[in-house]
Amino acid sequence: MSRDQYTFVNPAELYADIDIEKQHQPEPGLDAELDPKADLGEETYRGTGRLTGRKALITGADSGIGAATAIAFAREGAHVAMSYLPEEEVDAERIAGILREAGVTVFTFPGDLKDPEYCRELVAKSAEALGGLDILVNNGGKQIFNEDLTTLSDEQFDDTFKTNVYAMFWITKAALAHLTPGSSIINTTSIQAYSPSDILVDYASTKATMNAFTKGLAQQLAPKGIRVNAVAPGPIWTPLQVSDGQPKKKLETFGEQTPIGRAGQPAELAPAFVFLASAESSYVIGETLNVNGGMPTP
Ligand code: NAD
Ligand code: MG
């Protein structure tokens, strides 16, 4: 490793400006077909034993932020259960291979987060396979832009809420049967929760809901020794963005509006999840850790 996440660099110049050629993928996009490739920390994340022996379930673990988090967790010593859509098998297999190289056990459970039965089974199977559960990362998410509310279909509104909000509820509720004191729940919210775009009304609403869910539940579970927190990314280069997460014309300048002047890479998110999952953050509860290139947050 020539560089790892501890190497001091100029963060403004850490990544070359991504030259995003016009590209489109059907939902869900694949990391395998993303051009240029996203940095998931494959070559750079160095573990220091911060999650040794922990048992983590991560949704949307095949690509993007979830995959970078899975790689970091595995290199910190955690065993991982991965959730993703069956269409994403190629991405999931690659990530599972990288995790296994770290010497941890990995289980893959493809399915649809919009299905409450899948969500409940995902938790039961993960806890059984891992021999318990002490980290839950609700990260899988749906984002489809829409320019005019009169054309926002009931189906899309429903699917976005099912994927982002209901699945988090179903999975977290089921996980409470397994989580013991010291466990950590982390929800991936978004800058959209408090700075909603005009074209992401449904998506932004789910992220605001997730933020409130996080802060409310955090208070409920704190006395039980279970911490609930959120990570709120800004514009990050992932397949979600090229599968109708943004209009093509917006992708050309993706991330340039941030104070740091560039889009973030999934690898830059992973340390935030590691911090919130590890025992280091014992007094951090109901927090939203913003990783957004400097955009002001409430
Ligand atoms: P991504 O496409 O790599 O990950 C999203 C994952 O969600 C997919 O890989 C897929 O496995 C999962 N998913 C979606 N619908 C599903 C369904 N019905 N059933 C099962 N799994 C499903 O993109 P990402 O950007 O890494 O997204 C991860 C999280 O980060 C999402 O919650 C997203 O809202 C959030 N986020 C992303 C950005 C960004 O700029 N990329 C910004 C803020 C928040
Ligand atoms: Mg994916």
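**Entry 1: α3 against α4**

At what angle do helix α3 and α4 pack, and how far apart are their axes? I looked this up in the predicted model. Helix α3 spans residues 116–130, and its packing angle with α4 is about 35°, with the axes 9 Å apart. I noted the handedness too: α3 passes α4 in a right-handed crossing.

Next I listed who meets whom. From α3 I found P116, C119, R120, L122 and V123, and from α4 their partners A167, W170, I171, A174 and A175. Sorted by class, this contact has nine nonpolar residues, no polar ones and one charged.

**Entry 2: α4 against α5**

How do α4 and α5 lie relative to each other? Helix α5 covers residues 201–221, and its axis comes within 9 Å of that of α4, crossing at roughly 15°. Angles under 35 degrees count as roughly parallel, so I wrote down α4 and α5 as roughly parallel. Their crossing is right-handed.

The α4 side of the contact is made by Q156, F157, T160, F161, N164, V165, M168, F169 and T172. On the α5 side I found D202, Y203, S205, T206, K207, T209, M210, F213 and L217. The class count for α4 with α5 reads nine nonpolar, seven polar and two charged residues.

**Entry 3: a stop at T163**

Is T163 buried or exposed? Its relative accessible area is 12%, and buried means under 20%, so I logged T163 as buried.

I then checked what surrounds T163. Leaving out residues up to four places away in sequence, T163 touches L113, K114, G140, G141 and K142. I also took one C-alpha to C-alpha distance: D115 is 48 residues from T163 in sequence and 8.8 Å from it in space.

**Entry 4: α1 against α2**

Another helix pair, for my list. The axes of α1 and α2 are 8 Å apart and the two pack at an angle of about 15°. They are therefore roughly parallel to each other, and they cross in a right-handed sense.

A67, A70, I71, A74 and R75 are the α1 residues in this contact, and they meet I95, I98 and L99 in α2. By class I have seven nonpolar, no polar and one charged.

**Entry 5: the cores**

How many residues does the largest nonpolar core have? I got 47, and those with the most contacts inside the core are F73, M82, I95, L99, V231, W237 and F273. Elements giving two or more residues to this core are β1 (55–59), α1 (64–75), β2 (79–84), α2 (89–101), β4 (135–138) and α8 (270–277). The biggest contributor is α1, with eight residues.

There is also a second, separate core of 22 residues, which includes Y118, L136, A167 and A218.

**Entry 6: α8 and F273**

Last, I looked at α8. It is mostly covered, as six of its eight residues are buried: A270, A272, F273, V274, L276 and A277. These buried residues pack against α1, β4, β5 (184–188), β6 (227–233) and β7 (288–291).

I followed up on F273 in particular. Not counting residues up to four places away in sequence, F273 touches I65, T69, F73, V137, I186, T188 and V231. Two of those, F73 and V231, were on my list of residues with the most contacts inside the largest core.

Methods: Residues are numbered from 1 along each chain as its sequence is written. Chains are lettered from A and ligands numbered from 1 in the order in which they are written. This is a predicted model: local features need pLDDT of at least 70, side-chain atom pairs count only at pLDDT 80 or more; totals for chains, interfaces and linings use all residues. Side-chain values use heavy atoms; hydrogens and water are left out. Buried means under 20% relative accessible area, exposed over 50%, partly exposed in between (1.4 Å probe, protein chains only). Contact means heavy atoms within 4.5 Å. Axes are lines fitted to C-alpha atoms, for helices over the stretch in contact, and angles run from 0 to 180 degrees between N-to-C directions. Helices (H or I, at least four residues) and strands (E, at least two) are DSSP runs, numbered from the N terminus. Angles under 35 degrees count as roughly parallel, over 145 as roughly antiparallel, 65 to 115 as roughly perpendicular and the rest as oblique. A crossing is left-handed if the near helix is turned anticlockwise from the far one by less than a right angle, and right-handed if clockwise. Ala, Val, Leu, Ile, Met, Phe, Trp, Tyr, Cys and Pro count as nonpolar, Asp, Glu, Lys and Arg as charged, and the others, Gly among them, as polar. A nonpolar core is a set of buried Ala, Val, Leu, Ile, Met, Phe, Trp, Tyr and Cys residues joined through side-chain atoms within 4.5 Å.
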